[in-house]
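Reader: Hi! I'm new to this one, could you walk me through it?
Author: Happy to, let's bring it up.

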Amino acid sequence: MADLVNDIQLKPVPAHVAIIMDGNGRWAKERGLERSAGHVEGVTAVHRITQAASDMGVRYLTLYAFSTENWNRPQSEVDALMHLISFALERETPSLIANNARLEIIGDIDRMPDEARRRLDNSIKATAHCTGLTVVVAFSYSSRWEITRACAQIAREAAAGRIDPDSITADTISAHLATAKYPDPDLLIRTGGDMRVSNFLLWQIAYSEIFVTPTYWPDFSTEEFAAAIDNFRGRERRFGLTSEQINPAL
Ligand code: IPE
Ligand code: IPE
Ligand code: MG
């Protein structure tokens, strides 16, 4: 038993944490505020959790900030979010650099207004030399968009004779996704309590551990983030095998 406890304590922090940052609107509504006030408060949570992830030694933090489907929200909310996200990332850039954290984006950013896109590009360039935590913001992102694009690309390469269809493996697919450079998430966190994945990293979360909390994103604290990490470290990941295969000492 002592060995088992030791073993659990020795499990490493997840290398890649992905977060569905949900509940901003409900947070605001409960306070009689506009939904956009929830998004503004959500930015402070992004700052807090990015800092915590960097301090804990997480290597990749992927944050679902805006989905392909979110473009269909009322125009006023979309405009407020574009403005907020690009300004917030610009404002956070010095603190990212101070933490040696690099900013990257996955998603269909060509749909973004030019001015917001320009700010985003500047932040990406300004942090490109950083070698600590990689913060991947999923923006105008959806997994079906990403997988569809990957299929089209693979089909083009096959048609051009550069890929042999018989040699396509799961790795070929992974290598054509927007996340090709990153390991799959070890831990997926969703705030706001809904038990769904909302078109986020469908391929990549095949074996991710899932942690759902009812806490709305603006209220998600460093302590609760640390508790989610601790919870992850206590789990046994079997990847389809048996417990004995994973841990022959048992
Ligand atoms: C998540 O909060 C942020 C975005 C989707 C941009 P929501 O705005 O979805 O908040 P709820 O789910 O309505 O509370
Ligand atoms: C998921 O939240 C997308 C983001 C957090 C950016 P949504 O609020 O858009 O998801 P649904 O509509 O509840 O599934
Ligand atoms: Mg939501």
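Reader: What should I know about the model itself?
Author: It is a predicted model, where local features need pLDDT of at least 70 and side-chain atom pairs count only at pLDDT 80 or more, while totals for chains, interfaces and linings use all residues. Residues are numbered from 1 along each chain as its sequence is written, chains are lettered from A and ligands numbered from 1 in the order written, and side-chain values use heavy atoms, leaving out hydrogens and water.

Reader: Which backbone atoms lie by an oxygen atom of ligand 1?
Author: A polar backbone atom of Gly25 is 2.9 Å from a ligand 1 oxygen, and one of Asn24 is 3.2 Å from a ligand 1 oxygen. Both are polar contacts, meaning pairs of N or O atoms within 3.5 Å; within protein, one must be able to donate a hydrogen and the other to accept it, and residues adjacent in sequence count only if both atoms are side-chain atoms.

Reader: And how much of ligand 1 does the protein bury?
Author: It buries 87% of the 380 Å² that ligand 1 exposes when taken alone. Those areas come from the Shrake-Rupley method with a 1.4 Å probe; for residues, only the protein chains shown count as cover.

Reader: Switching over: which side chains have an N or O atom by an oxygen atom of ligand 2?
Author: Ser198 has one 2.6 Å from a ligand 2 oxygen, and Arg196 has one at 2.8 Å from such an oxygen. A polar side-chain atom of Arg73 lies 3.2 Å from an oxygen of ligand 2.

Reader: Which strand gives the most to the shell around ligand 2?
Author: That's strand E2, residues 60–67, with three residues.

Methods
Helices (H or I, at least four residues) and strands (E, at least two) are DSSP runs, numbered from the N terminus.
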